[in-house]
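Morning, everyone. I'll walk through one model, region by region. Have a look at it first.

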Amino acid sequence: MPVLELLQAGLAGRLQPSNLRIHNGERIVLLGRSGAGKSTLISLCNGALQPDQGRVHWQGQPLGQRSRRQRCQLGTLWQELRLVEELTAVQNIQAGALGRHNLLWAFRNLLGLLDPAPCMDALGKVGLETDLLHKPVHNLSGGQRQRVALARLMHQMPELVLADEPLSALDPVLADDVLATLLQAPACLISLHRPELMHRFNRVLGLRHGGLVLDQHPDAVTEADLKWLYSES
């Protein structure tokens with residue numbers, strides 16, 4: 001059974017009605033020009049946007065009817081990161097576990113590190129220096145902030161990772177580290193502007209003018225396919 005399904009789900013003026021099934025173990029790259037609908041598709045998949053037609057199912061049930069704990073099995077790395085600037089790096093990372101705990105835990109988490117082992121494990125996966133843990137994130141560099149957001153996602157332990165242009169504005173070394181970490185998830189859908197990386201995945205989706213027009217194994221995608229996918233006309 002697919003973990004996530006879009007059943008003729010669309011949003012007028014932004015994404016044409018689309019069918020999409022994502023299974024456990026799939027590593028999917030989403031390609032297309034700016035404005036093709038990639039961010040909209042990701043936002044429909046995680047429930048940030050509601051389709052005005054069709055349905056989105058998570059683990060066989062409508063996404064909107066799933067519990068908060070079940071919805072947190074979907075993890076998203078946003079392009080703008082969405083960190084809480086006034087909190088420290090470790091408090092932001094700990095926020096990844098909020099879906100598995102109650103409000104009392106969340107309040108106590110602001111006062112101190114309640115569950116250090118998983119948090120430290122997430123830090124190790126992203127290579128963030130431990131001396132940065134207690135610094136407010138607004139004092140960190142762009143690369144350090146990216147690692148904090150990635151560690152928060154890893155601490156969430158999602159079944160499906162959704163990432164919207166996670167490699168933009170990153171140097172090649174950090175970009176490779178971030179992508180390698182994202183690909184460790186049980187399943188992932190990652191929007192990129194770098195088709196040369198598609199062979200790191202086992203499935204390629206292409207969006208053009210709001211329509212899902214390509215769904216292939218990387219080896220089946222030709223230069224002509226990519227040229228058409230990124231053409232204006």
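**Q8 and its surroundings**

Leaving out residues up to four places away in sequence, Q8 touches P17, S18, N19, Q53 and G54. Contact here means heavy atoms within 4.5 Å. Take the pair Q8 and Q53: they sit 45 residues apart in sequence, yet 7.1 Å apart in space, C-alpha to C-alpha.

A word on provenance. This is a predicted model, so local features need pLDDT of at least 70 and side-chain atom pairs count only at pLDDT 80 or more, while totals for chains, interfaces and linings use all residues. Residues are numbered from 1 along each chain as its sequence is written, and side-chain values use heavy atoms, with hydrogens and water left out.

Back to Q8. It is found in strand β1. Helices (H or I, at least four residues) and strands (E, at least two) are DSSP runs, numbered from the N terminus.

Strand β1 covers residues 4–11, and five bridges join it to β2, antiparallel. Two strands pair if DSSP finds at least two bridges between them. In that pairing, L6 has L20 of β2 as its bridge partner. L11 stands opposite L15 in β2. Three residues lie between the strands of this β1 and β2 hairpin, and G13 takes a positive phi near 80° there.

Now the sheet itself. Four strands form an open sheet in the order β2-β1-β4-β5, with antiparallel pairing. Its edge strands are β2 (15–22) and β5 (61–62), each pairing on one side only.

**The six-stranded sheet**

In what order do the six strands of the other open sheet run? The order is β6-β7-β8-β3-β9-β10, and the pairing is mixed. β6 (74–77) and β10 (211–216) are at the edges with a single partner strand each, so one side of each has no neighbour in the sheet. On average, neighbouring strands of this sheet are turned by 20° against each other, direction ignored.

Two pairings to look at. Four bridges join β3 to β8, which run parallel, and I28 stands opposite L189 in β8. Then the helices. α6 packs on the sheet, touching β6 and β7, and its direction makes about 175° with that of β6. α7 packs on the sheet too: it touches β6, β7 and β8, at about 150° to the direction of β8. For these angles, axes are lines fitted to C-alpha atoms, for helices over the stretch in contact, and the angles run from 0 to 180 degrees between N-to-C directions.

The other pairing is β6 with β7, parallel, over four bridges. L74 has L160 of β7 as its bridge partner. Both faces of β6 are covered: L74 and T76 are buried on one side, G75 and L77 on the other.

**The cores**

A nonpolar core is a set of buried Ala, Val, Leu, Ile, Met, Phe, Trp, Tyr and Cys residues joined through side-chain atoms within 4.5 Å. The largest one has 45 residues, and L77, V148, L150, L167, L182, I190 and L192 touch the most other members. Elements giving two or more residues to this core include α6 (142–156), α7 (172–182) and β8 (188–191). The largest share, six residues, comes from α6.

Follow L150. Beyond four places in sequence, L150 touches L77, V126, V178, T181 and L182. Apart from this core lies another, of 24 residues, among them L6, L20, L63 and A187.

First, helix α1. Eight of the nine residues of α1 (residues 38–46) are buried, so this helix is largely enclosed by the rest of the structure. Just after α1, G47 takes a positive phi of about 85°.

Next, T88. It lies in the loop between β6 and α3. T88 counts as buried, at 15% relative accessibility. Outside four places in sequence, T88 is in contact with L133, H134, K135, P136 and V137.

Last, R82. Its charged end sits over the ring of W78, 3.8 Å from the ring centre. The criterion is NZ of Lys or CZ of Arg within 6 Å of the ring centre and within 35 degrees of the ring normal.

Technical notes:
Buried < 20%, exposed > 50% of the residue type's maximum accessible area, 1.4 Å probe, protein only.
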